[in-house]
Amino acid sequence: MTKSELILGLSERQAHLAQPDVELAVKSIIDQMADSLSGGSRIEVRGFGSFSLHFRPPRLGRNPKTGSVVALSGKYVPHFKPGKELRERVNAAARAGKPLKT
Amino acid sequence: MALTKAEMAQRLFEDVGLNKREAKEFVDIFFDVIREALEKGENVKLSGFGNFDLRQKNQRPGRNPKTGEEIPISARRVVTFRAGQKLKARVEAHAGSGQQ
């Protein structure tokens, strides 16, 4: 499912909202989530999951082209931990034999 | 402070002009629609944010950390999140005011 398919799905279920409002609202939620993480703040959605930042310590890497050693500074990476309900429902569907769509 | 559904709804009220009830309902359904796609075995790609991918895990040996007893971890399907380039770059640039 892509963002545009998500917008379509939401439009069907929120038929009283105008399509541009649905698009704007989806964009607003995604922007808020990206802004939150970029500002170092977690996201918590009960039943769905939480997003947080994990720290990756500084390390020595190599330039794959030249083989020379380069110092890489520490950084943060986004991390998602699925909530209990999402975990259980996804797994229950798998047990019921629903195949993965690729 | 963590971002929650209540704050997302507040912003939809302020920025998009949905009324409070509509805004709350919209945020709920936003996550419902994503969850339902994942339940159906469909990966979800949100450009500008990241992808929710499903992975099938085989059974593997595990241990009860309390008793040390060996118990198999059953085969399962799990959701993983891969942040997109844009989000990764923005988060990395946040030099970090210490761990949260």
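This is a predicted model: local features need pLDDT of at least 70, side-chain atom pairs count only at pLDDT 80 or more; totals for chains, interfaces and linings use all residues.
Figure 1. Residues are numbered from 1 along each chain as its sequence is written, chains are lettered from A and ligands numbered from 1 in the order in which they are written, and side-chain values use heavy atoms, without hydrogens or water.

From chain A, look for A:Lys3, A:Lys27, A:Ile30, A:Asp31, A:Ala34 and A:Asp35 in this lining. Chain B brings B:Ser47, B:Gly48, B:Lys86, B:Leu87 and B:Arg90 to the second largest pocket. Which element gives the largest share of this lining? It is α2(A), with five residues. Both α2 of chain A and α3 of chain B supply at least two residues each. The volume of this pocket is about 150 Å³. (A pocket is an open set of points on a 1 Å grid over the protein atoms alone, where a 1.4 Å probe fits and protein lies on both sides within 12 Å along at least five of seven lines; lining residues have an atom within 4 Å of a point.)

**Figure 2. Helix α2(A) meets helix α3(B).** The axes of these two helices come within 8 Å and cross at roughly 30 degrees. On the α2(A) side you will find A:Ala34, A:Asp35, A:Leu37 and A:Ser38, and they meet B:Leu87, B:Arg90 and B:Val91 in α3(B) (contact means heavy atoms within 4.5 Å). This contact has four nonpolar residues, one polar and two charged.

**Figure 3. The largest pocket holds about 460 Å³ of space.** Its lining has 19 residues, and A:Pro78, A:His79, A:Phe80, B:Phe81 and B:Arg82 lie nearest the centre. Two or more lining residues come from each of β2 (49–56) and β5 (75–82) of chain A, and from β5 (76–83) and α3 (85–93) of chain B. The largest share, eight residues, belongs to β5(A). How do the lining residues of the largest pocket divide by class? Nine are nonpolar, three are polar and seven are charged.

**Figure 4. Helices α1 and α2 of chain A cross at roughly 125 degrees.** Helix α1 covers residues 3–13 and helix α2 covers residues 19–38, and their axes come within 10 Å. In α1(A), the contact is made by A:Lys3, A:Leu6, A:Ile7, A:Leu10 and A:Ser11. Facing them in the contact are A:Gln19, A:Val22, A:Glu23, A:Val26 and A:Ile30 of α2(A). Six of the contact residues are nonpolar, two are polar and two are charged.

**Figure 5. Helices α1 and α2 of chain B pack at an angle of about 125 degrees.** Now switch to chain B, where α1 spans residues 5–16, α2 spans residues 20–39, and the axes are 8 Å apart. The α1(B) residues in the contact are B:Lys5, B:Met8, B:Ala9, B:Gln10, B:Leu12 and B:Phe13. From α2(B) come B:Lys20, B:Ala23, B:Lys24, B:Phe26, B:Val27, B:Asp28 and B:Phe31. By class, this contact has eight nonpolar residues, one polar and four charged.

Notes:
Axes are lines fitted to C-alpha atoms, for helices over the stretch in contact, and angles run from 0 to 180 degrees between N-to-C directions. Helices (H or I, at least four residues) and strands (E, at least two) are DSSP runs, numbered from the N terminus. Ala, Val, Leu, Ile, Met, Phe, Trp, Tyr, Cys and Pro count as nonpolar, Asp, Glu, Lys and Arg as charged, and the others, Gly among them, as polar. Grid points are joined across faces, edges and corners, and a volume is the space filled by probe spheres set on the points.
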